[in-house]
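Biologist: Hi! Could you walk me through this one, starting with the ligand and the metals?

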Amino acid sequence: QMAFLQQWADVSPDAMIVADANGLIVHWNPAAESMFGLPAEEALGTSLDVIIPEPMRGAHAKGMERLLAGGQPRIVGTVLEVTAQHSDGSHFPIEMSLSMWTQEGEARFGAIVRDVSKRRANDDRLHHLAHFDQLTLLPNRTSFLENLNNALGQSVQSTVLLVDLDRFKEVNDQLGHAAGDAVLIEAALRIRRCVPTGMANVARLGSDKFSILLTGETDPSRAGALATVVRRELRRPFDLAGRLVWVGCSIGIGMSPSHGDDAATLIGSADLALYEAKAEGGDGQRSFVPALKTAAVARRSLEIDLREAWEARQFEVFYQPQIRLEDRQVVGAEALLRWRHPERGLLAPGAFLSTLENSSLAAPVGTWVLEAACRQGAAWNRQASGFLMGVNLFGAQLKTVPLTETVRSTLSLTQFPARQLELEITENIMLADDECAKDQLNALHDMGVGLAFDDFGTGYASLAFLKQFPITRLKIDRSFVSNVRAKGSDAAIVQAVLMLARKFGLSVIAEGVETEEQEKLLKKWRCPHAQGYLYGKPVAATAFAISSAFPHNRPSSDPMRK
Ligand code: C2E
Ligand code: CA
Ligand code: CA
């Protein structure tokens with residue numbers, strides 16, 4: 001029977017070790033040899049201390065003494081997870097089960113030892129994969145939620161800061177994903193550097209969104225101050241192998257328990273605050289206030305109302321005349337959307353446009369406006385040949401529908417000439433910088449359709465777009481026209497735009513002309529066209545007056561079309 005046990009010990013993958021009452025090793029199997037790097041001839045007769053890390057030796061000796069004195073075997077029969085020492089001095093985790101017996105009147109201690117370092121490493125790796133973002137090495141959404149739930153579960157005051165990068169999408173789209181990754185890694189480092197260690201947890205929630213969890217901090221001004229520091233850090237340029245890019249971020253803040261005492265509500269509150277910070281143009285920070293919740297509910301109900309309005313055909317198109325400054329002749333119109341609301345009356349886009357723009361209705365409504373305007377343009381063109389029609393585009397029309405095809409079929413359906421249609425786009429649409437959008441606009445240009453740069457001068461990258469897009473006309477923004485004096489900065493801007501247009505071979509129209517004085521200046525500076533209350537407010541088609549002296553058969557060197 002002993003021979004059988006011996007054989008068993010020889011083939012066991014677990015180390016089997018027996019020591020006598022003095023703690024000297026009396027049995028040492030082959031698995032023990034390889035596990036501890038110690039051959040049997042060296043192990044036998046030496047103290048068990050060779051496999052016990054120094055700090056644990058005292059406790060081990062005491063335990064043996066107690067057992068020998070007949071004490072209760074506290075650890076015998078259970079599986080222990082402890083640390084063992086290899087003959088090279090390194091430590092590794094083991095699982096060990098102990099037993100004690102008497103052999104020929106002498107006490108014996110037996111241990112079966114399993115090396116669990118591989119399993120540990122695997123567990124650690126799985127834990128790491130499940131809890132950390134592999135790009136930035138920050139904790140991920142799962143760990144953030146675990147930490148937040150823990151803190152809230154123990155009623156520890158928790159403040160959530162949601163940090164969303166402002167211009168990340170542009171970096172990714174324009175410079176490629178490698179550049180995007182580099183920005184995220186650097187942003188993660190910067191955010192972590194802003195946060196006092198031990199005070200807070202930084203995590204990456206996904207794409208370009210990060211979170212900071214501050215616990216036990218009841219002073220709201222501390223979270224605000226932290227947000228300010230983070231924004232300042234992310235505002236600094238990112239150096240991508242010598243190329244500088246500016247990113248920036250917006251931050252929303254929610255605090256427990258007043259903004260939510262469970263994770264979902266608290267994060268929702270911080271998210272609404274973030275939405276607000278973003279809506280204000282970025283590089284901002286906002287704390288949650290109950291009014292944000294009300295506004296979100298209102299937005300949602302407005303979206304539903306818009307859908308009903310669309311079904312019930314409550315949208316209308318109004319037209320505002322565009323005139324030639326030389327003789328105040330009406331040469332065209334801009335189509336402007338209106339909502340005939342059953343209770344609130346006639347609504348201008350200010351009341352609903354931002355919601356409409358971001359809803360799935362944008363493309364169908366935009367297509368509908370285009371068709372209505374072309375149909376109307378064709379009718380007026382029969383009374384006044386050469387009549388121009390301007391139509392505003394939603395970003396969605398360039399993204400979700402094949403705009404070129406829509407325009408082509410609308411023109412042929414309504415019999416409106418391509419040369420007399422002018423699509424108006426704002427810088428925001430161009431900023432989306434979608435190659436497909438550019439291709440579509442180029443195709444439209446080739447068809448002869450005009451492209452006006454709306455609200456020109458209010459953005460910050462306007463000049464670059466002049467080169468990239470097939471623009472045919474600049475619309476000088478109302479804000480410059482309405483304050484224009486003979487001298488001053490607005491006068492300088494208006495004159496500069498007029499000069500720029502001449503150099504680029506573009507036509508120009510001044511928007512928002514309300515006074516004779518403004519008109520006089522524009523004429524003096526040789527601005528060809530204008531639009532504004534001075535000549536007519538936007539009105540329904542039936543109220544729109546085309547002057548009888550409308551110029552027929554304009555020469556082909558029409559200044560509005562270059
Ligand atoms: P916008 O394209 O800049 O249109 C000009 C806006 O200025 C119009 O406001 C017009 O009523 C107003 N306006 C014109 N002349 C004067 C003036 O002398 N004084 C003042 N104070 N205002 C003047 P509206 O109709 O409220 O439209 C606002 C914006 O909504 C438009 O700005 C345009 O961006 C957008 N929008 C309107 N209709 C459509 C549409 O069918 N599709 C798209 N995508 N956007 C539209
Ligand atoms: Ca416009
Ligand atoms: Ca405009």
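This is a predicted model: local features need pLDDT of at least 70, side-chain atom pairs count only at pLDDT 80 or more; totals for chains, interfaces and linings use all residues.

Biologist: Great. Which residues come nearest to ligand 1?

Modeller: Leu337, Arg338, Asp454, Glu514 and Tyr533, out of 22 residues around it (a residue is near if one of its heavy atoms lies within 4 Å).

Biologist: And what does the side chain of Arg338 do there?

Modeller: One of its N or O atoms is 2.8 Å from an oxygen atom of ligand 1. The side chain of Glu334 also has an N or O atom 3.1 Å from a ligand oxygen. Leu337 uses a backbone N or O atom instead, 2.9 Å from a nitrogen atom of ligand 1. (A polar contact here is a pair of N or O atoms within 3.5 Å; within protein, one must be able to donate a hydrogen and the other to accept it, and residues adjacent in sequence count only if both atoms are side-chain atoms.)

Biologist: How much of ligand 1 does the protein bury?

Modeller: 84% of the 790 Å² that ligand 1 exposes when taken alone (Shrake-Rupley areas with a 1.4 Å probe; for residues, only the protein chains shown count as cover).

Biologist: Which element gives the largest share of that shell?

Modeller: Strand 14, with 4 residues (strands are DSSP E runs of at least two residues, helices H or I runs of at least four, numbered from the N terminus).

Biologist: Now the metals. What coordinates the calcium ion that is ligand 2?

Modeller: Glu334 (OE), Asn392 (OD1), Glu424 (OE) and Asp454 (OD), at 2.1 to 2.3 Å. Donors are N, O and S atoms within 2.8 Å of the metal, or 3.2 Å for Na, K and Ca; water is not among the atoms, so sites may look incomplete.

Biologist: How far apart are the two calcium ions?

Modeller: 4.0 Å, and Asp454 coordinates both.

Biologist: Changing topic: at what angle do helix 7 and helix 8 pack?

Modeller: About 145°, with axes 6 Å apart. Axes are lines fitted to C-alpha atoms over the stretch in contact, and angles run from 0 to 180 degrees between N-to-C directions.

Biologist: Last one: which peptide bond is cis?

Modeller: The one from Ser256 to Pro257, with omega near -5°. Pro257 sits in the loop between strand 11 (249-255) and helix 10 (263-279). Arg328 has a positive phi, near 60°, and is in the loop between strand 13 (315-324) and strand 14. Most residues other than glycine have a negative phi, and most peptide bonds are trans.

Note on methods:
Residues are numbered from 1 along each chain as its sequence is written. Chains are lettered from A and ligands numbered from 1 in the order in which they are written. Side-chain values use heavy atoms; hydrogens and water are left out.
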